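Here's a quick briefing to read alongside the model. Keep the structure open while you go through the points.

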Amino acid sequence: MFNTKKLIVGLMVLFTSLSNIQAAQKEIYIPGSGELKKVEVTKTEKLPVLYYNGYIITMDGDTPQYADAVVEKDGKIAFVGSKANAQNKYANARMIDLKGNTMLPGFLDPHSHFMSAIRMVNQVNVAAHPVGTATNIPQIIEKLKAFVEEKHVPEDGWVLGWGYDQDLLDEKRHITKVDLDKAFPKRKVLIIHVSMHGAVLNSQALKWAGIDANTKTPDGGVIARMPNSTEPAGLMMETAYIPIFAKLPQPSETEMLDLMKPAQMMYTSNGYTQAIEGFSHTSDVDFLIKAASQDRNFIDILALPAFTEMDKWFNNPKYPFGVYNKKLKLQACKITLDGSPQGKTALVSHPYHGGGPSGQKDWKGESSITQEQLDGITKKLFDAKIPMHIHTNGDGAIDMMIKTVKKAGITAKDDKRTVIVHSQFQRPEHLPEYVTLGLTPSYFSLHTYYWGDVHIKNIGKKAAFFISPIKAATEQGIVYSNHTDFNVTPLDPFWVLWSAMARESREGVIIGPDQRVDAYTALQGLTTGPAWQVFEENRKGSIKEGMLADFVVIKNNPLKQKVSDIKDNEVLATIKEGRVVYKKIGI
Ligand SMILES: [Zn+2]
């Protein structure tokens with residue numbers, strides 16, 4: 001007999017499943033067009049995932065703790081404990097064998113410049129070790145040629161490279177247009193010098209820039225010339241380079257949106273599940289808001305709107321602070337208070353040895369704004385409950401910052417978590433002030449390697465050896481983080497850890513032996529420290545039930561490695577809220 005009731009129920013089931021398919025339609029953006037397209041996605045229920053058989057370092061607490069197993073469910077950590085209990089509780093879980101590798105909470109970038117990653121994706125890394133692999137000019141040319149092949153750069157197109165350092169090349173000289181013209185007679189080539197204060201251009205690029213034998217060298221600039229001639233040789237520095245840099249072709253918004261993925265991959269391939277955009281122009285913030293609204297973020301991106309454009313974003317409902325919207329959060333206002341110690345532009349309390357960058361006598365560097373201006377901005381931000389991340393390198397700038405926080409009547413009890421970015425040349429007496437006032441340093445221990453030798457020359461051994469004093473700070477209970485300031489140095493987290501543990505300079509000098517820390521303390525600078533600094537210690541930075549399932553799987557356990565081996569570790573996989581966002585192995 002024909003059963004009407006059954007037919008109706010059957011049709012209802014059919015309709016329900018059809019409506020499910022409807023609901024499973026997803027809008028995606030077509031690369032290169034910025035256009036929306038609806039695609040159908042098959043909805044499958046995601047099973048819990050159980051990770052086991054590895055060194056699972058939880059970063060929960062002041063001493064190392066290992067977990068036997070971790071279960072991820074719906075993007076969060078559902079269980080931490082023994083494998084048997086995990087299997088009992090989550091019998092249907094997909095099992096992931098970590099095969100003796102090490103799992104940690106996803107690394108959290110405490111300070112870098114995400115927009116640099118966007119801009120660098122389409123440029124060639126021609127730096128020497130450890131930033132890149134080029135050791136001589138022919139190798140640089142090979143890298144540029146490979147880029148042309150890979151990206152199908154048109155005949156009249158641009159080839160941009162970055163990071164060459166003549167002192168680290170076998171030839172020990174600058175690259176010239178002659179080196180470049182042979183391989184690139186038609187394309188425009190420009191290679192940015194490691195200092196970022198200049199570049200080498202080939203003949204086509206010089207022609208585009210309007211530089212020829214009649215071009216006068218501007219004050220404060222350098223135009224290298226061919227021997228016995230006024231013909232430009234290719235190298236343009238300082239004021240001669242600035243107008244060229246400003247004129248360089250910029251990617252379109254559509255191109256930049258498409259670069260969101262490879263830019264984030266630069267972070268995830270280094271184990272990071274959080275990236276900071278460390279000095280955001282309002283145009284950058286607008287771009288990031290647009291990218292996030294199109295679901296392009298697969299890691300957390302935290303932007304720091306710049307103090308120089310406060311009039312545009314302050315009290316503007318378009319720019320709410322402290323809330324996530326599709327993995328984008330405006331975290332804090334970024335203030336740049338002084339320059340860099342290697343450039344002798346950081347504000348210090350005692351004159352630099354050998355004078356200022358232009359030979360000035362009794363030179364102590366400068367602050368970008370006055371104490372009164374700083375006091376005014378600080379009060380405005382504190383009143384509006386907007387946190388501050390403030391670039392302060394020299395001890396003179398740190399003095400200014402301490403003064404301003406005292407004047408505002410803020411102490412640790414107010415829990416403002418004011419991040420002193422770099423905080424490099426603290427004096428020992430600054431540390432108890434940080435404790436009382438609730439200031440938290442984001443150190444830059446990689447300086448010990450890259451510029452440790454220069455600092456000894458510029459400011460003397462005593463101050464240089466106390467750079468980024470992680471040991472002294474943690475002994476006083478100060479929460480700290482440790483950053484790369486990418487693209488100032490590479491994102492590699494293992495070099496960050498190694499530099500905090502070894503503090504060894506390029507010339508092999510141990511820059512402050514008593515400030516070296518153990519692996520666990522070094523790891524805190526990339527996990528629990530940065531999480532706390534952005535008010536997210538209950539969300540990420542450690543492996544605990546209820547936290548986001550953000551993990552990094554690495555080859556070797558840093559807690560068991562020799563210090564000299566730390567920097568050679570490898571990221572195998574990065575997982576953001578349960579989703580694999582980078583993998584090197586089949587995980
Ligand atoms: Zn920076």
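**Helix packing, a metal site and a few residues**

H12 passes H13 in a left-handed crossing. Bear in mind as you read on that this is a predicted model.

**H12 against H13**

- The axes of H12 and H13 cross at roughly 30° and come within 11 Å.
- That angle makes H12 roughly parallel to H13, because the cut-off for roughly parallel is under 35 degrees.
- On the H12 side, the residues in the contact are Asp395, Ile398, Asp399, Ile402, Val405 and Lys406. They meet His430, Glu433, Tyr434 and Leu437 from H13.
- Sorted by class, the contact of H12 with H13 has five nonpolar residues, four charged and one polar.

- Where does His430 sit? Its place is in helix H13, which covers residues 430-437.
- Is His430 buried or exposed? Its relative accessibility is 3%, so His430 counts as buried; the cut-off for buried is under 20%.
- Leaving aside residues up to four places away in sequence, His430 touches Asp395, Ile398, Asp399 and Ile402.

**H11 against H12**

- H12 (residues 395-407) also packs with helix H11 (residues 371-383): their axes come within 9 Å and cross at roughly 50°.
- That makes H11 oblique to H12.
- The crossing in which H11 passes H12 is right-handed.
- Which residues make this contact? Gln371, Leu374, Asp375 and Thr378 come from H11, and they meet Met400, Met401, Lys403, Thr404 and Lys407 in H12.
- By class, the residues of the contact of H11 with H12 split into three nonpolar, three polar and three charged.

**H8 against H9**

- Elsewhere in the chain, helix H8 (residues 253-268) packs on helix H9 (residues 282-293) at an angle of about 60°, and their axes are 10 Å apart.
- H8 is therefore oblique to H9.
- H8 passes H9 in a right-handed crossing.
- From H8, Glu253, Met256, Leu257 and Met260 meet Phe287, Leu288, Lys290 and Ala291 in H9.
- The contact of H8 with H9 has six nonpolar residues and two charged, with no polar ones.

**The zinc ion**

- What holds the zinc ion? It is coordinated by His111 through NE2, His113 through NE2 and Asp485 through OD, at 2.1 to 2.2 Å.
- Along the sequence, the donor residues follow the spacing H-x1-H-x371-D.
- His113 is in the loop between strand E8 (107-108) and helix H3 (114-120), and Asp485 is in the loop between strand E23 (481-482) and helix H18 (493-502), so the pair ties together parts that are 372 residues apart in sequence.
- Both His113 and Asp485 are buried.

**Ala91, a loop residue**

- Ala91 is found in the loop between helix H2 (83-89) and strand E6 (94-97).
- Is Ala91 buried or exposed? With 71% relative accessibility, Ala91 counts as exposed, since the cut-off for exposed is over 50%.
- Ala91 and Leu302 lie 211 residues apart in sequence, and their C-alpha atoms are 37 Å apart in space.

How values were computed: Residues are numbered from 1 along each chain as its sequence is written. This is a predicted model: local features need pLDDT of at least 70, side-chain atom pairs count only at pLDDT 80 or more; totals for chains, interfaces and linings use all residues. Side-chain values use heavy atoms; hydrogens and water are left out. Axes are lines fitted to C-alpha atoms, for helices over the stretch in contact, and angles run from 0 to 180 degrees between N-to-C directions. Helices (H or I, at least four residues) and strands (E, at least two) are DSSP runs, numbered from the N terminus. Angles under 35 degrees count as roughly parallel, over 145 as roughly antiparallel, 65 to 115 as roughly perpendicular and the rest as oblique. A crossing is left-handed if the near helix is turned anticlockwise from the far one by less than a right angle, and right-handed if clockwise. Contact means heavy atoms within 4.5 Å. Ala, Val, Leu, Ile, Met, Phe, Trp, Tyr, Cys and Pro count as nonpolar, Asp, Glu, Lys and Arg as charged, and the others, Gly among them, as polar. Donors are N, O and S atoms within 2.8 Å of the metal (3.2 Å for Na, K and Ca); water is not among the atoms, so sites may look incomplete. Buried means under 20% relative accessible area, exposed over 50%, partly exposed in between (1.4 Å probe, protein chains only).
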